Amino acid sequence: MASKAPGRVHRKGITLMELAARFPDEGAARKWFEAQLWPAERCCGHCGSGRTTEASHKTMPYWCSDCRSYFSVKTGTALAASNVKLRKWVWAIYLELTSLKGVSSMKLHRDIGVSQKTAWFMLHRIREAFTRPGDAFSGPVEVDETYMGGREKNRPKGKRAGVKGGTGGKTAVIAAKDRKTRQEAASLPGPCRGDRPVAGGDLNHVEKAPVRSPAEP
Ligand SMILES: [Zn+2]
């Protein structure tokens, strides 16, 4: 948590009544999570592609045309690998974030009707997701970009991005390396792949470190 955040008791939030009214069913919860995760465009949780369509799969309502897999709003997030309903996640997040000392797995188990083991797993995931690790990069950090993927003209016609020029149709990859700790990270930028780390961690942790190009001393 950010150190400047006010104490939880001073924060304005919504009441239990409002929460219940706002999330009357699973569909409402799904809509809310989707709006949080994909404010601009729906992105595949496996590969980060924006080339997705709706699908008729029972639990995975979307299809990615790039990696050819089904996905849901949970795919690739802290909520993955669980069959817990999104509505229960909403309640668990609310209860955890509004209790001064956090909620116990025993209480969550009773409050939202999951096993204690599941409640423990959920709390673990929520705490992990809401805790930003310390500044992973202290710098100086070398930042560079590269373009991956084959040439546009070698692709089948249906798969061309229609962009001309040297990097046309290729995927940009931004990479960072801390000169002191030798820590590295790489990300795919873009509307969909915005801050999707592909290796080494989150590039958002670079923001405070002094940045150099690889050629600079
Ligand atoms: Zn994909």
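This is a predicted model: local features need pLDDT of at least 70, side-chain atom pairs count only at pLDDT 80 or more; totals for chains, interfaces and linings use all residues.
The largest nonpolar core has 14 residues, and three helices, α3, α4 and α5, each put at least two residues into it.

**The cores**

- In the largest nonpolar core, the residues with the most contacts inside it are Trp 89, Ala 92, Leu 108, Ile 112, Ala 119, Met 122 and Leu 123.
- The helices that each supply at least two of the core residues are α3 (86-98), α4 (105-112) and α5 (116-130).
- Take Met 122: if you skip its neighbours within four places in sequence, it touches Val 84, Trp 89, Ala 92 and Leu 108.

**How α4 meets α5**

- The axes of α4 and α5 come within 8 Å and cross at roughly 110 degrees.
- The range 65 to 115 degrees counts as roughly perpendicular, so α4 is roughly perpendicular to α5.
- As for handedness, the crossing of α4 and α5 is right-handed.
- On the α4 side, the residues involved are Ser 105, Met 106, Leu 108 and His 109.
- They meet Gln 116, Ala 119, Trp 120, Met 122 and Leu 123 in α5.

**The three-stranded sheet**

- Three strands form an open sheet in the order β1-β2-β3, with antiparallel pairing.
- β1 (52-54) and β3 (69-71) are the edge strands, each pairing on one side only.
- From one strand to the next, the twist averages 35 degrees.
- Strand β2 (residues 62-64) is joined to β3 by three bridges, and the two run antiparallel.
- Across that pairing, Cys 64 stands opposite Ser 69 in β3.

**Cys 192**

- You'll find Cys 192 in the loop between β6 (184-188) and β7 (196-199).
- Cys 192 has 19 other C-beta atoms within 10 Å, so it counts as partly exposed; buried would take 20 or more.
- Leaving out neighbours within four places in sequence, Cys 192 is in contact with Glu 41, Cys 43, Gly 48, Ser 49 and Gly 50.
- Cys 192 and Trp 38 are 154 residues apart along the chain, yet their C-alpha atoms are separated by 8.2 Å.

Conventions: Residues are numbered from 1 along each chain as its sequence is written. A nonpolar core is a set of buried Ala, Val, Leu, Ile, Met, Phe, Trp, Tyr and Cys residues joined through C-beta atoms within 7 Å. A residue is buried if 20 or more other C-beta atoms lie within 10 Å of its own, exposed if 12 or fewer, and partly exposed in between; C-beta atoms are placed from the backbone. Helices (H or I, at least four residues) and strands (E, at least two) are DSSP runs, numbered from the N terminus. Two residues are in contact if their C-beta atoms, placed from the backbone, lie within 7 Å. Two strands pair if DSSP finds at least two bridges between them. Axes are lines fitted to C-alpha atoms, for helices over the stretch in contact, and angles run from 0 to 180 degrees between N-to-C directions. Angles under 35 degrees count as roughly parallel, over 145 as roughly antiparallel, 65 to 115 as roughly perpendicular and the rest as oblique. A crossing is left-handed if the near helix is turned anticlockwise from the far one by less than a right angle, and right-handed if clockwise.
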